[in-house]
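Please look over the following notes on charged side-chain pairs in this model. They are set out as numbered points.

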Number of protein chains: 2
Amino acid sequence: MKRMISLLACALFALGIFAQQALFSGGELVSPQVNDDGTVTFRLFAPKAVKVEVTGDFLPPMKISTPMGEMESPGVAQLKEEKNGVWTYTSQPLEPELYYYTFRVDGMTFLDPSNVYMCRDIASYTNIFIVEKAAGDTGDLYSVNDVPHGNVSKVWYDSPTLKMHRRMTVYTPAGYEEGRGRYPVLYLLHGAGGDEDAWTTLGRAAQILDNLIASGKAKPMIVVMPNGNPNCEAAPGEWSRGMYKPSFMSHQSPAPVASMEESFPDIVNYVESHYRVLKGKKNRAICGLSMGGGHSFAISKMYPDMFDYVGLFSSAIFLGASNDRQGSALDQMNSDPQFGREMAALFGAHPKLYWIAIGKTDFLYQVNADYRKYLNSKGYPYEYVETEGGHIWRNWRIYLTQFSQKLFK
Amino acid sequence: MKRMISLLACALFALGIFAQQALFSGGELVSPQVNDDGTVTFRLFAPKAVKVEVTGDFLPPMKISTPMGEMESPGVAQLKEEKNGVWTYTSQPLEPELYYYTFRVDGMTFLDPSNVYMCRDIASYTNIFIVEKAAGDTGDLYSVNDVPHGNVSKVWYDSPTLKMHRRMTVYTPAGYEEGRGRYPVLYLLHGAGGDEDAWTTLGRAAQILDNLIASGKAKPMIVVMPNGNPNCEAAPGEWSRGMYKPSFMSHQSPAPVASMEESFPDIVNYVESHYRVLKGKKNRAICGLSMGGGHSFAISKMYPDMFDYVGLFSSAIFLGASNDRQGSALDQMNSDPQFGREMAALFGAHPKLYWIAIGKTDFLYQVNADYRKYLNSKGYPYEYVETEGGHIWRNWRIYLTQFSQKLFK
């Protein structure tokens, strides 16, 4: 065996792809390196570079002006060139969290060749790292720990409503394969431009559920993460449209034959006929971020007897037929009799939990504030969580962590 | 809905991560662009670059000298700077195939920011693209086509022999979830430094099987892709060791409590107790590349009644106890009585197919040639396929395509 290993080791370095990569990857540089004091050191081998920067959400954000007004953009820090063409930067001490970053070499965004961990958000990749200080902290919850792991499957199901076979991600908790028990189901929806891969990559959903279930803080549950773009069968590259470059609009055109909301029962029907699930609204939860929060808002309203738990994360709350309306979202809600009837039916069915969360600087803050005013005016009960920050995955991971612990109890 | 979409569209560009990436990704550049004549155009926005190159297996290889003697390395081509800081290169017409490439900007390896499709091989990422000319050609077989798709699951199983829970990838063919039928099983093993993700990423195993099954060229089968590193629970980042930088040695140390070969029945036992499988050796096949070919060689020999189909792809064929032996592999095989007994037992069980494939320039060519001499001298029947090229994924995808069509018929 030793002989085989050593021969193969030689071979690896002899092979073009490895030789080439080893040569330009900065060899055995460690980057990022999370230090004991919570600072993080970044290193990049860039002997010919004039300027090397790192940008990411671990740095204090910068204000930028946008079509939507002033918003926040990730901060930027300069790396310094040390000997041998290696550039370095060490951050301030960081709180436990999953952070993203990229390098900029003379203005070009550059993924860290020493870090194989990265996430795609639409067409953008960033490297990621986790700062973890103690068991149960935010970083620990997003880490793969030595606990029983659920299985994660890419599952094709039939959607008669959308007239296509579609791909979704299904998490079955540890013990599902061994046991005979039935489980409640959380339907977890992504945002605009995302797909069925987003919650298990950017969202760390499998790690969050593994860790919360192992510690007894969340009930064992099946988590179903469908594709929320009714014109797409699957994530980019996973269906017959080919290896197209995803863009925000590639998820919106051509127009679908039905809406996500209209087709949602196809998903529930598939899950309940193919998995050992506990049925009935008390065993079903739905939540989502941004567009997926809008979907959760609309789906729970369209099917008031389907879900006992509804979570709206930074939600895009708009009335389906309100495109031409005037006035504030609150005016529209108050002036729409159909909306009023649907909301009366939804809260008439007495959902156990209607949970709304948003960040203080989220561009959807006002419409959510208007919606809460409407709920207050009608006396419809809900729980509300307001956090720092804006329309970002960091908040959505926190919201999933909080919401999932409230389910099926 | 329109209003929600447009608001969200604005928001996306307002958010730091997207704004930042959009700014530096070269905007809407198309790269790579596969042209109608089979040439491929690469584009990169690099206004400050002095030299931009592209390297990959679509270019004529260069000879390099290595510890193993002269070997091939991917070729390199220069991009030319056009207006607006966009650099371009157009290749010669390419045959249908899946190709990999990376850019080099002033000597630094640089992933194509216009191409979200990439694969990891140990610690190296490369972009990929597919050239496809006609239905059924090599590029078509590796593409996601409009055919029924199997499900791909990341499954945790218990290995009592290795004393750990371990992760494997399981492909269930289209129809498995809907039907009640039982299926034969192919055990598909990766090479040194790889993991349970390799065959579904670099190897395009799900696409190859989807397409061959849909066209009737391969029987519907379950494909089990375990992790072949007995010291690892799972792929890098998927177990409690954390987000370590994978290296060839990280897959080899610390020493495992048992070998992959010894623990293999744990995998078969799990699969046969958790999936609707057809049992018995005529319904089991095993194959693998490089180290995984060595595993297939050793496992089929250790358990002569387990598999009717054995495939050795560019295999690392070494005798377990031969580290201190002198002479050629053939001398060692002829002088090892235990090996002789095991081989007699293996071929005494009359496997339906013993299939060996290797490329002419593979560094393992000679040991495979010695092994064939041994088989010939004993009159043990096998099929042999010799291809161009060396120890590369292009060959392993071709071997899987050929081998899988010969199974369970």
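1. Over all chains, 28 salt bridges are counted, a salt bridge being a side-chain nitrogen of Lys or Arg within 4 Å of a carboxyl oxygen of Asp or Glu. The model is predicted: local features need pLDDT of at least 70 and side-chain atom pairs count only at pLDDT 80 or more, while totals for chains, interfaces and linings use all residues. Side-chain values use heavy atoms, with hydrogens and water left out.

2. In chain A, K51(A) and E53(A) form a salt bridge with an N to O distance of 3.6 Å. E53(A) is buried at a relative accessible area of 8%, whereas K51(A) is partly exposed at 41% (buried is under 20% relative accessible area, exposed over 50%, partly exposed in between; 1.4 Å probe, protein chains only).

3. In chain B, the closest N and O atoms of E95(B) and K133(B) are 3.9 Å apart, in a salt bridge. This pair links distant parts of the chain, 38 residues apart: E95(B) is in the loop between β8 (86-90) and β9 (97-105), and K133(B) in the loop between β12 (124-131) and α3 (138-142). Helices (H or I, at least four residues) and strands (E, at least two) are DSSP runs, numbered from the N terminus. E95(B) is exposed at 54% relative accessibility; K133(B) is partly exposed at 48%.

4. R167(B) and E196(B) form a salt bridge, with the closest N and O atoms 2.7 Å apart. R167(B) belongs to strand β14 (residues 164-172) and E196(B) to the loop between β15 (185-189) and α4 (198-201), so the pair ties together parts 29 residues apart in sequence. Both R167(B) and E196(B) are buried.

5. A network of salt bridges links K154(A), R167(A), E196(A), D197(A) and E238(A).

Terms used. Residues are numbered from 1 along each chain as its sequence is written. Chains are lettered from A and ligands numbered from 1 in the order in which they are written.
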